[in-house]
Amino acid sequence: MTVERRAQPFDMSLVQRGARNRRTPYYEATQRYGPEGFTVYNHMYFPIRFDTFEAEFEALLNDVTIWDVSVERCLEVSGSDGFRFAQLLTPRDLSKCAVGQAKYVVICDRDGGILNDPVLTRMDENTFWFALASSDALFFARGLRNAYPDLDVTIREADVAPLQVQGPKSKDLVRDLVGDGILDLKYYWWRRAEIRGIPVVITRTGWTSEVGYEIYLLDTSRGNELYETLMEVGAPYRVKPTGPSDIRRIEGGILNWGADMTYENNPFEVGLDRLVDVGLADDASISIAALRAIKDRGVTRKLVGVELDGDPFPGLNNVKWPAYRSDGGDHVGKVTSAIYSPRLGRNIGYCWLPVELAGEGSRVRVDSEWGTRTGTVVPMPFVDPEKRIPVG
Amino acid sequence: MGALETAERSTSSTLYFGPWYRKSPFFEKTLAAGCSAYDIYNHMYLPGYFGDPIEEYWALLNEVTLWDVSVERIVEITGPDSSAFINTLTCRDLTKCAVGQGKYVLITADDGGIINDPVLLRVEENRWWLALADSDAGLWARGVAVHSGLDVTVREPDVFPVQVQGPKSKDVIRSLFGDAVADLRYYWTAQTELDGIPVVISRTGWTGEVGYEVYLRDPTRGGELWDRIMEAGAPHNIRPIAPCEARRIEAGIFNYGSDMTIANNPFEIMGLERLVEEQDADYIGKAALEEIRRRGVSRKLVGIEVGGEPLPFELHEKRPALHDGQAVGTLTDLIWSPRLERNIGYVWLPIDLSGPGTALEVVAPDGSRWPAQSAAIPFLDPRKDIPKG
C-alpha cells in the first residue's frame with residue numbers, strides 16, 4: 001500500500017515573507033504529501049497539519065505517524081566541563097542520567113522561571129543535547145556562560161534534525177529500518193544507527209504518549225532521502241505524515257511551552273515537581289536555591305486538568321480563554337490548551353487556577369471561543385497516568 | 001490548531017493560529033483592515049499582507065502609513081544598576097545616551113556575534129527598553145544577569161509599538177499629540193497620553209522615511225489608539241501596511257535572522273561598523289571586536305543589484321551568488337525598488353570581491369542565472385537626510 005500523494009504542494013508565499021525563517025531538511029519531502037498549514041517555531045517553518053485532527057489521531061493510535069520536528073533546534077553543550085555547565089541550566093540531577101540515556105528537563109532562570117522544557121540526551125560524558133521548545137534558550141546559555149570564563153565548554157546549535165516516528169507500529173517500522181536490536185532500546189534511551197547509509201541517532205522519546213521514537217538526522221543534506229525511506233518502508237504499516245496530535249498530547253498531560261507555561265511559571269506550578277532535585281548544591285544549578293524556597297513556601301496557583309461541558313470543540317483553542325469563579329464574576333485564571341477527545345467523548349484541557357480553586361471537582365466558568373462552558377477540575381493526565389503505553 | 005475563522009475565509013492565509021503565540025493589541029484592527037496573511041515574529045503574529053506592496057510603497061513615500069509592529073517585543077531593564085548593566089550588553093557607548101534619547105544598538109555575544117539589533121530607548125533614568133528584532137535577546141540578558149552582581153530586573157512589559165511613517169506622519173502626530181511630540185528630534189522620545197491612553201513616542205522607524213513609533217502601554221486600549229491614528233491620518237490618506245521591504249532595503253536597514261545572525265559580527269556588515277564604538281567601558285564582546293577591528297574581516301554583507309524583470313515578492317530563500325562561474329557568496333534579500341527601477345538586495349561576499357561593481361550572477365529559484373553586480377549600502381540617502389527631515 002502506498003500513501004496517496006496529493007497534487008498540491010503548499011504555496012509558501014502564503015506564509016513566508018523573506019528568508020528570515022528557515023525551512024527544514026525535510027522540506028521538499030513534506031511538500032510532496034500536501035501539508036495544509038504551517039506555523040513558525042524556533043525560527044523555522046513547521047508543517048503542522050496534513051489531515052483532520054481526527055484522522056491524524058486515529059493514525060497515531062492505530063498505525064504509525066511521521067512528524068518533522070526539525071524545529072526542535074538542538075542546543076549542544078560540550079567540552080571537558082560540559083557536565084558542570086549543563087547542570088547549571090537545569091534543576092534535574094544529571095548525575096542520574098547515564099551516557100546513552102535521555103531525560104525530560106526544564107531549563108530554569110535564577111528565579112525558577114521555566115525558560116524551556118527540552119528532552120535532553122547525554123551523548124557522552126560531557127556532551128549534552130537539549131532538543132528545544134520554541135525559545136532561544138541557546139542565548140540564555142551563552143549569556144550565562146560569560147560568568148564562567150574558566151570553564152572549558154562549547155555551546156552551539158548542533159546541525160541535526162529530529163523526526164518523530166510515533167504510534168504502535170513504530171516499533172515495526174524502526175525494526176525494519178535498522179534491525180531487531182533496536183527493539184531492546186528502553187524508554188528514554190538512545191542509540192546510534194544508520195538508515196541506508198544515513199547516520200542517525202534514535203531515541204525512545206516523543207510528544208504523543210504513544211510508543212515512539214525520534215530519529216535525529218545527523219547529515220542534514222539527506223533529509224528528503226530519509227523521509228522518503230521512512231514513507232517507503234512504512235507503507236505496510238500505513239505510515240502517515242502528520243502534525244502534532246494535540247488530542248493525544250493533552251490526553252497524556254504533555255505541556256506546550258509558550259502556551260501552557262512561560263518564563264512566569266515555575267515547575268511546581270505546572271506539576272513538574274519531579275524535574276526538580278532539591279538536593280542539588282546551590283552552586284550546581286542556578287535555579288535550585290529559588291526552587292527550594294518555592295517548594296518550602298508552596299505555590300499560589302496551579303495548572304490543572306479540566307473537563308469542559310457542552311458540545312465538542314471544533315478544534316484546538318486559538319487563544320487562551322479566561323476562567324471565572326462559578327459563583328461570582330471574579331476572573332481567576334485561564335485555559336491554555338483545550339480540545340475534544342473523541343475516545344473520551346469529552347472536551348479536555350488545562351487551566352491555571354489559584355490553589356484554593358485547583359482541587360478536584362472544583363468548578364469554574366470559562367469563556368471559550370465557542371461559548372460559555374463549565375470547567376471541572378479532574379486529575380491529569382486524562383489517559384494512561386502511569387505512562388504504560390509509551391513505555392510498552 | 002484551528003485556523004482562525006477569518007483567516008479561513010481569506011484567500012491567502014494558511015498560517016495556523018494557536019494559543020502558543022500572542023496576538024497584538026491591534027490584531028483585530030489589522031484583520032478588519034484587510035490583513036490576509038501573518039508571519040510569526042518574536043512569538044507573535046506580524047501582519048504580512050494587506051494589499052499590493054508597490055501601492056503600499058508609494059503610500060509610504062508620498063503620504064503616511066500605519067504598521068503594527070507589536071512583534072518588536074520590548075525587553076525592559078530596570079533597577080539601580082540598569083545603566084551599568086545595559087552598557088555591558090552593547091558595543092555602543094551608552095554613557096552618551098541621555099534620558100529620553102534612543103539609539104540603534106547591537107547586542108553582542110562574547111565572540112562579537114550579533115544577538116539582536118534593537119532600537120534602545122532610555123525611557124527614564126533607570127528604565128531602558130530594547131525593541132527587539134526576531135530573537136529572544138531577553139534570554140541573553142537574563143543569562144548575563146544571573147551572575148552579573150548588578151541589581152537589575154529583566155522583563156517583558158506589556159508595551160506594544162505601532163509605526164506611523166511617511167512624509168505626512170508629522171502632521172498626523174502633531175494633530176494627535178501636539179508640537180512638542182511632532183517636533184521630536186531624530187531618535188528622541190517623549191512620554192505622553194491620548195485620551196488617557198499612556199504611550200511613549202519615538203522618532204524612529206524601519207523605513208528610511210520620516211516617522212514615529214507609538215508605544216502603547218495599556219494593551220486593553222489598542223483598538224482605540226489604532227482608531228484615533230486612523231482618524232487623524234484620514235485627511236492624509238493613511239493606510240495600514242505590511243513591512244515595506246523595498247524601502248527598508250533602499251535605506252540599508254537589515255532584517256535580523258535573514259541578513260545576519262549570531263554567526264556574524266558588526267564589522268562584516270556594511271554600515272554597522274560605526275556601531276562598534278571605541279570606549280573606556282568594558283562590554284561583552286569588546287575584546288573580540290577590537291581584535292576584529294585590527295585584524296579585519298574575510299567576508300562582508302554588501303548591496304547587490306540584479307537586472308531583469310521586477311521580482312513580484314521578496315525572495316523566500318537565500319540564493320547562491322557566483323563570480324566567474326564559481327559560488328562565492330549568498331544572497332539574503334532581493335526585491336524590486338519601484339523608484340530605482342532595479343531589483344536590489346544584500347549579498348555576502350568574500351572581502352576582496354565586496355567593493356561596488358563586482359560582476360556577479362545569482363542562481364535563481366528555477367535554476368537560471370540572473371546577471372548582477374555588487375553595490376554600496378545604502379542605495380539611497382546615505383546621510384539619512386530624509387528621516388531626519
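Which two helices of chain A and chain B have axes that come within 7 Å, and at what angle do they cross? The views below take that pair and then move on. This is a predicted model, so local features need pLDDT of at least 70 and side-chain atom pairs pLDDT 80 or more, while totals for chains, interfaces and linings use all residues. Residues count from 1 along each chain as its sequence is written, and chains are lettered from A in the order in which they are written.

**View 1. Helix α4 (137–145) of chain A and helix α5 (137–146) of chain B cross at roughly 25 degrees, their axes within 7 Å.** Axes here are lines fitted to C-alpha atoms over the stretch in contact, with angles from 0 to 180 degrees between N-to-C directions. That makes α4(A) and α5(B) roughly parallel (angles under 35 degrees). Among the residues that meet are Phe139(A) and Phe140(A) from α4(A), and Leu139(B) and Trp140(B) from α5(B).

**View 2. On chain B, 47 residues are in contact with 44 of chain A.** Contact means C-beta atoms, placed from the backbone, within 7 Å. Helix α5(B) gives the most to this side of chain B, eight residues.

**View 3. Helix α6 (169–177) of chain B has buried residues, including Val172(B), Ile173(B) and Leu176(B).** Buried means 20 or more other C-beta atoms within 10 Å of a residue's own. After α6(B) comes Gly178(B), with a positive phi near 90 degrees.

Notes: Buried ≥ 20, exposed ≤ 12 C-beta atoms within 10 Å, placed from the backbone. Helix = DSSP H or I, 4+ residues; strand = E, 2+ residues; numbered from the N terminus. Parallel < 35°, antiparallel > 145°, perpendicular 65-115°, else oblique. Contact = placed C-beta atoms within 7 Å.
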